[in-house]
Amino acid sequence: DGAGTKMVRNSLRGSSSVYDVKARTYQVVILLGGRKAHKCYQTNTVSALGLRELLGRHFDDDNVIVGVGEGVTGLLNVVDHRNKPIVRGKNVLVYHTHTHENNETSAAFERIGAKVSVSGKGSNLIRDGNIITATSCSDEVMMSVHEHIVQSTAQKRLLAAASSRKH
């Protein structure tokens, strides 16, 4: 394993289940992919519904959400407090092989108004606001995700400090 993968694994140690997580507790949620991940994220089980609700609150709180590989499918049915898909109007990178599921994923994102880019045709990572989509957990991608998270967190702290000085 490379440095980026080890960094992510170390940061996941001691992670909570979706039932125990409060949106304001974490600054980032990473949806990892893998074989058949899209089926797990798209079910209507209690855990999948809980994850969607958590991600919606996380988005509303202006926190970072990362979808890696097929983990991007975890963003599909997530809505904000106004019941609007959080990826509507956003640039999303969809991991693509030549499978039916991947083609369906692209079509599903397009149906809800996301701007879809396909992996292998340019960047391995796209950031649009606080939504980051990446093709894999390669060191390069994970280091880039880490940099985006650090930048976003620093921005939020600066805004909070400036706001508290006004009051």
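This is a predicted model: local features need pLDDT of at least 70, side-chain atom pairs count only at pLDDT 80 or more; totals for chains, interfaces and linings use all residues.
A search of the whole structure identified 2 salt bridges. One of them joins the side chains of Arg57 and Glu53, with an N to O distance of 2.9 Å. Both residues belong to helix 3, which spans residues 46–60. Arg57 and Glu53 are 4 residues apart there, about one turn of the helix. Glu53 is exposed, its relative accessible area being 51%, whereas Arg57 is partly exposed at 33% relative accessibility.

A salt bridge was also found between the side chains of Asp80 and Arg82, at 3.2 Å from N to O. Asp80 has a relative accessibility of 7% and is therefore classed as buried, the cut-off being under 20%. Arg82, at 53% relative accessibility, counts as exposed because its value is over 50%.

Strand 2 comprises residues 64–68 and is mostly covered, with 5 of its 5 residues buried. Val64, Val66 and Val68 point one way from the strand, while Ile65 and Gly67 point the other way. The residues on both sides are buried.

Strand 2 pairs with strand 1 and with strand 6. Strand 1, formed by residues 28–31, runs parallel to strand 2 and is joined to strand 2 by 4 bridges. In this pairing, Val28 stands opposite Val64 of strand 2. The pairing of strand 2 with strand 6 (residues 131–134) is likewise parallel and extends over 4 bridges. Here Val68 has Ala134 of strand 6 as its bridge partner. Val64 and Val68, named in these pairings, are among the residues that point one way from strand 2.

Notes:
Residues are numbered from 1 along each chain as its sequence is written. Side-chain values use heavy atoms; hydrogens and water are left out. A salt bridge is a side-chain nitrogen of Lys or Arg within 4 Å of a carboxyl oxygen of Asp or Glu. Helices (H or I, at least four residues) and strands (E, at least two) are DSSP runs, numbered from the N terminus. Buried means under 20% relative accessible area, exposed over 50%, partly exposed in between (1.4 Å probe, protein chains only). Two strands pair if DSSP finds at least two bridges between them.
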